[in-house]
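Let's walk through a protein fold together, one piece at a time. Keep the picture open while you read, and look for each residue as it comes up.

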Amino acid sequence: MWNDLEEYILKLAIKNSQKTGKKTKIVEIGVGKFQTISKNLSKNDNIDLIMTDIDPDNENITKDDVFNPNMNIYKNADIIFSIRPPAELQEAIMKIRDKINATLIIKPLFNEDLNIKTHKMQLKNYNRASFYIYEK
């Protein structure tokens, strides 16, 4: 499942790079300790990746609070994604997306509904991965 989500994000990033002729900027919000997807995406030459968390566990993660975000982190981002964000963070993540007009992908916990009332996100099934997407 995680490989399929990673593959989907990578395809979006490559398509974006081909369209714009520049690297795709991706921000993962609330990376926590599960960093496999971000680490793999960052190996691609067409991707500029930033990982954020309110409590970073290493120097590769940028400290940020989604309720009081540093918008310089997200400036010019093409894709934002978050894996298993708590329900209380989801609307704040959407507000960040709205300010920069990026594609947003949220992979909630299994069988968890989204807590976003302001936008209708599309449920996407890609191979074995299921997630919600709001495209710019």
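Thr 52 is buried, with a relative accessible area of 1%; buried here means under 20% relative accessible area, exposed means over 50%, and partly exposed is what lies in between (1.4 Å probe, protein chains only). You'll find Thr 52 in strand S2, residues 47–53. Helices (H or I, at least four residues) and strands (E, at least two) are DSSP runs, numbered from the N terminus. Which residues does Thr 52 contact, leaving aside its neighbours within four places in sequence? Among them are Val 27, Ile 29, Ile 61 and Tyr 74, where contact means heavy atoms within 4.5 Å.

A quick word on what you're looking at: this is a predicted model, in which local features need pLDDT of at least 70 and side-chain atom pairs count only at pLDDT 80 or more, while totals for chains, interfaces and linings use all residues. Residues are numbered from 1 along each chain as its sequence is written, and side-chain values use heavy atoms, with hydrogens and water left out.

Now for the sheet. Seven strands make up an open sheet with mixed pairing, in the order S3-S2-S1-S4-S5-S7-S6; two strands pair if DSSP finds at least two bridges between them. S3 (61–63) and S6 are at the edges with a single partner strand each, so one side of each has no neighbour in the sheet. From one strand to the next, the twist averages 30 degrees. Strands of a sheet pair through backbone hydrogen bonds, either parallel or antiparallel.

You can see both kinds of pairing here. S4 (residues 79–83) and S5 (residues 103–107) run parallel and are joined by five bridges, with Phe 81 opposite Ile 105 in S5. S5 also pairs with S7, this time in the antiparallel sense over three bridges, and there Ile 105 stands opposite Ile 133.

Is Leu 123 buried or partly exposed? Its relative accessible area is 47%, so Leu 123 counts as partly exposed. Leaving aside neighbours within four places in sequence, Leu 123 contacts Phe 131 and Tyr 132.

Next, the helices. Helix H1 (residues 2–20) lies across S1, S2, S4, S5, S6 and S7, and runs at about 175 degrees to S5. Axes are lines fitted to C-alpha atoms, for helices over the stretch in contact, and angles run from 0 to 180 degrees between N-to-C directions. Helix H4 (residues 87–100) lies across S1, S4, S5 and S7, at about 170 degrees to S4.

What about the inside? The largest nonpolar core has 21 residues, and Leu 5, Ile 26, Phe 81 and Ile 105 have the most contacts inside it. A nonpolar core is a set of buried Ala, Val, Leu, Ile, Met, Phe, Trp, Tyr and Cys residues joined through side-chain atoms within 4.5 Å. H1 gives this core its largest share, five residues. Apart from this core lies another, of 20 residues, including Ala 77 and Met 121.

A search of the whole structure turns up three aromatic pairs. Rings of Phe, Tyr and Trp (its six-membered ring) pair if their centres lie within 6.5 Å; planes under 30 degrees apart count as stacked, over 60 as edge-to-face and the rest as tilted. Trp 2 and Phe 34 have ring centres 4.8 Å apart and planes at 50 degrees, so this pair is tilted. Trp 2 sits in H1 and Phe 34 in the loop between S1 and H2, so the pair ties together parts 32 residues apart in sequence.

Finally, check out two asparagines. Most residues other than glycine have a negative phi, and most peptide bonds are trans. Asn 76, in the loop between helix H3 (71–74) and S4, has a positive phi of about 65 degrees. Asn 76 is exposed, at 55% relative accessibility. Asn 127 lies in the loop between S6 and S7, with a positive phi near 50 degrees, and is exposed at 56%.
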